[in-house]
Amino acid sequence: MEQSRLRLAISLLRQLLKFHPKPFLIAVAGASVYAICTVASSFGLGYVVDEVIIPRYQTNIIDRQTFLTACLIVIGIGLVRAVGVVVRRSYAGVSHWSTSESLSTQLIRHIMRQPTMWHQKHMTGDLVARIGVDSDTAASVLGPLPFSTSVVLLVGLTSVWLVVIDLPLGLLAVTVIPLLFALNLGYQRRIDRHFDSAQKALGDLSEAVHESFDGVMVVKAFGAEDREHVRLATISSKLKEARIRAVNARAVFEALVDGTPSLVNVSLIAYGAVRVRSGDLTIGELSSFIYLFTLLVFPLRIIGYLLSEIPHSSSGFKRVREILDEPLEDQPVVNKLSSDSKLAVKIEHARFTYAEGAVPVFSDVSFSVPVGSIVAVVGETGSGKSTLLKLIAGLISAQDGSVHVSEGGSALVFQEPFLFSGSLQFNLTLGKSVPITDIARALWASVSEEFVSDLDQGIDTIVGERGISLSGGQRQRIALARAIASGRQTLLLDDTTSALDPTTESMVIDRLASLSDTTTTIIVASRPTTIKIADYVLFIHDGIVHDLSTHDELMRTSQTYLNLMMSFEIDRKAS
């Protein structure tokens with residue numbers, strides 16, 4: 001068991017030190033200077049007591065040369081020791097925070113390289129916790145590590161020096177070292193499981209809080225504040241209990257670590273007084289001895305802190321590695337059509353299923369969309385309309401067959417538009433340099449120019465988190481304008497106009513049709529007025545995608561399509 005813990009610690013430190021070894025080595029060098037000066041300072045103290053203080057009391061005379069020498073020794077050692085402390089602390093901090101940053105960056109890059117399907121299988125709050133809290137926790141062991149490594153040097157030098165000063169007293173003092181190490185190891189065994197459970201509970205809480213805040217409007221709308229409070233309180237209590245168990249274990253450990261050296265120190269003073277009286281030890285040597293032993297106790301506690309930090313860091317690093325060790329899933333493949341092609345989209349024998357063994361959403365789907373056309377995708381709820389648009393957009397990949405899109409690329413506008421909390425201009429350009437004329441064109445095509453001009457700051461207006469200051473229809477139109485401003489030649493609208501009134505929706509479709517002969521629009525639609533405006537209809541039923549037809553032709557040839565249109569009309573009149 002101890003060997004497995006040792007291997008775990010070595011493996012953890014080896015992986016962490018790969019990121020920024022230089023600042024860590026500088027911190028270790030500074031800590032080593034501190035250790036050497038700590039031992040040397042006891043020599044300086046003994047020299048001052050025996051050569052300056054005691055002669056002063058015995059002769060009432062101070063030798064100026066001896067006094068200056070003692071001052072130079074004490075001040076010189078103190079200054080060098082101070083430099084060592086500054087270097088050690090500064091570069092230990094650099095090592096810690098640089099490694100934490102590198103871990104977070106590596107994790108973010110790995111997550112960003114994963115395809116959409118991977119993200120749908122992971123909770124956002126959990127990923128945020130791993131990037132932030134867990135990355136910082138994983139690197140936290142690097143803070144005390146440089147000092148702890150120097151403690152090994154300090155313990156070795158101190159043990160030798162204590163024995164050199166006085167053999168019997170030195171052997172008594174050295175016995176406390178293995179005792180403190182035994183206490184530290186026992187503490188580590190107890191604390192491991194508490195840190196693991198606490199770190200997991202912290203991740204669960206972060207995930208739950210993120211989800212709760214994200215859905216705050218739903219919670220308030222359904223009066224679920226108390227239930228949500230109870231849910232979060234239950235998760236928080238698990239974290240609290242794990243932390244309390246860890247604190248209790250640390251409290252016992254701290255008491256033993258504080259008490260044991262104090263008892264040994266009393267014994268050393270009592271036995272040392274006997275050695276002084278017998279003439280085997282001078283007062284200066286005893287003072288040097290007790291001073292050095294006292295200085296040794298605190299660094300030994302740092303070893304304990306390091307050993308307690310290792311399982312803590314290991315828990316965080318384990319959660320980070322769980323994500324980093326997940327292989328990168330294959331990115332969806334979307335082939336480019338030739339520049340002289342008359343088609344905007346071409347799908348051949350595509351099959352897609354969300355999970356292995358599940359019923360396919362599509363099987364053997366093939367169709368083509370001409371450039372410059374408006375196509376309405378029509379089907380019952382759950383028939384796979386949104387899935388089809390995600391295939392064309394390259395967000396998911398067909399298990400079989402191929403998807404081809406024109407070189408101009410595609411832009412998908414979701415049914416639930418997402419807006420960032422910045423300005424309208426940022427939401428329209430996503431930070432890219434887009435000519436103001438293209439922005440104006442996009443606002444016009446999405447019928448957004450009027451309400452944007454009425455805003456106090458126009459396109460510089462801050463929209464708030466998720467565009468909360470805008471209405472649902474306004475958010476949909478801004479999301480559509482963003483797609484148009486991107487310059488993509490194929491627009492994929494996933495029921496993007498559902499929050500618009502029929503008149504505004506009709507204006508949007510008309511303006512999209514007038515953009516250019518090379519802009520193709522594929523829109524998921526459920527309003528008969530929108531479907532009738534479309535050049536073609538792509539009808540989906542029972543996992544089968546019927547080839548492009550006109551609305552009138554489908555009304556004549558497909559009873560299923562006719563029934564669906566009648567249900568749409570009934571819903572529209574009822575609303």
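Predicted model: local features only at pLDDT ≥ 70, side-chain atom pairs only at ≥ 80, totals over all residues.
Local features are taken at pLDDT of at least 70 and side-chain atom pairs at pLDDT 80 or more, while totals for chains, interfaces and linings use all residues. Numbering starts from 1 along each chain as its sequence is written, and side-chain values use heavy atoms, with hydrogens and water left out.

**Whole chain**

Start with the whole chain selected. The chain holds 20 helices and 10 strands; these are DSSP runs numbered from the N terminus, helices being H or I of at least four residues and strands E of at least two. Of the 575 residues, 46% are buried (under 20% relative accessible area, 1.4 Å probe, protein chains only). The accessible surface is about 29,000 Å², with 60% of it belonging to carbon and sulfur atoms (Shrake-Rupley method, 1.4 Å probe). Among contacts with a separation of 6 or more, 79% join residues 24 or more positions apart; contact means heavy atoms within 4.5 Å.

**α2 and α6**

Next select residues 21–59, helix α2, and residues 145–165, helix α6. Their axes are 8 Å apart and the packing angle is about 30° (axes are lines fitted to C-alpha atoms over the stretch in contact, and angles run from 0 to 180 degrees between N-to-C directions). The two helices are therefore roughly parallel, a label for angles under 35 degrees. The crossing of α2 past α6 is right-handed, that is, the near helix is turned clockwise from the far one by less than a right angle. To see the contact, show side chains including F24, Y34 and F43 of α2 and F147, L157 and W161 of α6. The contact residues comprise 16 nonpolar, 6 polar and no charged (nonpolar: Ala, Val, Leu, Ile, Met, Phe, Trp, Tyr, Cys and Pro; charged: Asp, Glu, Lys and Arg; polar: the others, Gly among them).

**α6 and α7**

S159, L162, V163 and I165 of α6 meet L167, G170, A173 and V174 of α7. This contact has 6 nonpolar residues, 2 polar and no charged.

**α12**

Finally, go to residues 385–393, helix α12. Because 7 of its 9 residues are buried, α12 is largely enclosed by the rest of the structure. The buried residues are K385, T387, L388, L389, K390, L391 and I392. Just after α12, stop at G394, where phi is positive at about 80°.

Note on methods
Parallel < 35°, antiparallel > 145°, perpendicular 65-115°, else oblique. Buried < 20%, exposed > 50% of the residue type's maximum accessible area, 1.4 Å probe, protein only.
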